Amino acid sequence: ILSANYDFKNTIMHPFVKPNHIFKKDGIKIGVFGLGVELAGLVDKKVYKETVYLDPVEISKEMVRILK
């Protein structure tokens, strides 16, 4: 699972989620990262518990820098 703008540090999802992945296809590297919507107001807090939503614009800038 790819998700760069959720912090799953204190959740059971932590070991299963990566912010990005680099695929290699025919010698070409393709960097991909995941972004999710803000959960507050859409999903009951009891469901997402300690998942922290991070600013997708700032995270996107960081992912682009990392994957360049």
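1. Aromatic pairs. A search of the whole structure, which is a predicted model, finds 2 aromatic pairs. Tyr6 and Phe8 form an edge-to-face pair. Is Tyr6 buried or exposed? Tyr6 is buried, because its relative accessible area is 14% and the cut-off for buried is under 20%. Phe8 is buried as well, at 14% relative accessibility.

2. The second ring pair. Tyr6 also pairs with Tyr53. The centres of these rings lie 6.2 Å apart. Their planes stand at 55 degrees, so this pair is tilted. The pair links distant parts of the chain. Tyr6 sits in strand 1 (residues 6-7), and Tyr53 sits in strand 4 (residues 52-53). The two residues are 47 residues apart. Tyr53 is partly exposed, with 30% relative accessibility. Taken together, the ring pairs join Tyr6, Phe8 and Tyr53 into a cluster.

3. A nonpolar patch on the surface. Which residues form this patch? They are Val37, Leu42, Val43 and Val47. Together they have about 380 Å² of accessible area. Look for Val37 in the loop between strand 3 (28-33) and helix 1 (45-48). Val37 has a relative accessible area of 53%, so it counts as exposed; the cut-off for exposed is over 50%.

4. Salt bridges. The count comes to 4 salt bridges. One of them joins the side chains of Lys9 and Asp7, at 4.0 Å from N to O. Lys9 is exposed at 54% relative accessibility. Asp7 is partly exposed, with a relative accessible area of 24%.

5. Another bridge. The side chains of Asp44 and Lys46 meet in a salt bridge, also described at 4.0 Å from N to O. Is Lys46 buried or exposed? Lys46 is exposed, at 66% relative accessibility. Asp44 is partly exposed, and its relative accessible area is 42%.

6. Glu62 forms a salt bridge with Arg65. Here the closest N and O atoms are 2.6 Å apart. Where do the two residues lie? Both are in helix 2 (residues 56-67), 3 residues apart. That is about one turn of the helix. An α-helix has 3.6 residues a turn, so residues three or four places apart point the same way. Glu62 is partly exposed at 33% relative accessibility. Arg65 is exposed, with a relative accessible area of 54%.

7. The span of helix 2. Helix 2 has 12 residues. At 1.5 Å a residue, they should span 16 Å. The end C-alpha atoms of helix 2 are 16 Å apart, which agrees. The expected span uses one less than the number of residues.

8. Which residues of helix 2 are buried? They are Ile59, Ser60 and Met63. Seen down the axis of helix 2, the buried residues fall within an arc of 105 degrees, so they line one face of the helix. Now turn to the face away from that buried side. It carries the exposed residues Lys61 and Arg65. Arg65 is also the partner of Glu62 in the salt bridge.

Technical notes:
Residues numbered from 1 in each chain as written. Predicted model: local features only at pLDDT ≥ 70, side-chain atom pairs only at ≥ 80, totals over all residues. Heavy atoms only, no water. Phe/Tyr/Trp six-rings, centres within 6.5 Å; stacked < 30°, edge-to-face > 60°. Buried < 20%, exposed > 50% of the residue type's maximum accessible area, 1.4 Å probe, protein only. Helix = DSSP H or I, 4+ residues; strand = E, 2+ residues; numbered from the N terminus. Patch = residues over 30% accessible without salt bridge, like charges linked within 9 Å, V, L, I, M, F, W, Y side chains within 5 Å. Areas by Shrake-Rupley, 256 points an atom, 1.4 Å probe, with all protein chains shown as cover. Arc of directions from axis to C-beta.
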